[in-house]
Amino acid sequence: LITQLSVLRQKRAWREVRTGTPLPANRSNLNAFLDTLPFNLTDAQTSALDEVLADIGSDRPARRLIQGDVGSGKTVVATAAMMVAVENGRKAALMAPTEILAEQHFITISRMLAGADLDLDGEPIVELQVAGMDCPMVLGLMLGSQTKRMKDHIRAKLAQGAVDIVIGTHTLIQEGVGIADLALVIVDEQHRFGVIQ
C-alpha cells in the first residue's frame, strides 16, 4: 500500500508539471498512412491508438503501457504515434532490448511507412516517402555492434536533427548520444537498466 501510494503521489506530481510537448494528430494524414497498410486496424488497435494520440496531444507528459500478444498490433500503434511526432516537426526514438529485435523493428517499420517491401541492404539510415506526409521521413538504426565510424556518423545525424525516427538498443541512452528535438520515446519490452541509465 505504501509503495502504491508513493507511486501515485509521484505520478500526480509529475503530471501536474505540465511540461509535455503537445503532438496533435492530423487525422487525414494519419488515415492516409493507415490506408496503405495491408490490413484494417481492429477495434482494440483503434482504441489503443486513440488513447495514445490523446496522451501525446496533451501538454502533460504521457506514460502509457500497451500490452498484447505477438502480432496484436503494438508496432502499428507505435509507428503511427512516431509518425505524428515527426509530422509535428519533432523526433521519435524506439528502444528495443536486443539488437535482433531492434533490426526487426527497423525493417518492419521502414516497410510499413513506405507502404512497400524494401530492400534495405544493411543501410542504417533510410529516407522514405510516407503516405500522408509532405516531406520524406528519415529512419536510423543504432546498435552497439556497429563500427565506431558508423555510430559516430549516426550520432552526428541525430544531433543535427537529420534523423526523424531512430531505432536502437541501449546505445541510444549512452553518453555522447543526443537526439535533437526528441519528443516521443517508445521502450519496447522489458529492459534492464544500470543505475546511471
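Me: Where does D181 lie, and what makes D181 count as partly exposed?
Reply: In this predicted model, for which local features need pLDDT of at least 70, side-chain atom pairs count only at pLDDT 80 or more, and totals for chains, interfaces and linings use all residues, D181 lies in the loop between β4 and β5. Residues are numbered from 1 along each chain as its sequence is written, and side-chain values use heavy atoms, with hydrogens and water left out. Buried means under 20% relative accessible area, exposed over 50%, and partly exposed in between (1.4 Å probe, protein chains only). D181 has 43% relative accessibility and therefore counts as partly exposed. Phi of D181 is near 60°, a positive value in a residue other than glycine.

Me: Why is L8 called exposed?
Reply: L8 has 53% relative accessibility, so it counts as exposed. L8 belongs to helix α1 (residues 2–16); helices (H or I, at least four residues) and strands (E, at least two) are DSSP runs, numbered from the N terminus. Together with L1 and L5, L8 makes a nonpolar surface patch of about 360 Å². Patches are made of residues with over 30% relative accessible area and no salt bridge, nonpolar side chains (Val, Leu, Ile, Met, Phe, Trp, Tyr) being joined within 5 Å and like charges within 9 Å. A salt bridge is a side-chain nitrogen of Lys or Arg within 4 Å of a carboxyl oxygen of Asp or Glu.

Me: Why is strand β1 described as largely enclosed by the rest of the structure?
Reply: Five of the five residues of β1 (residues 91–95) are buried, so the strand is largely enclosed. In a regular strand the side chains alternate between the two faces of the sheet. On β1 both faces are covered, with K91, A93 and M95 buried on one side and A92 and L94 on the other.

Me: Which strands pair with β1, and how do you know that they pair?
Reply: Two strands pair if DSSP finds at least two bridges between them. Five bridges join β1 to the parallel strand β5 (residues 182–187), where K91 stands opposite L182. Four bridges link β1 to β4 (residues 165–168), also in the parallel sense, and A93 has V166 as its bridge partner there.

Me: What makes a set of residues a nonpolar core?
Reply: A nonpolar core is a set of buried Ala, Val, Leu, Ile, Met, Phe, Trp, Tyr and Cys residues joined through side-chain atoms within 4.5 Å. The largest has 43 residues, and F33 and L139 have the most contacts inside it. Helix α4 (residues 74–87) gives the most to this core, with 10 residues. A second, separate core of 11 residues includes A93, M95, M142 and I154.

Note on methods: Areas by Shrake-Rupley, 256 points an atom, 1.4 Å probe, with all protein chains shown as cover.
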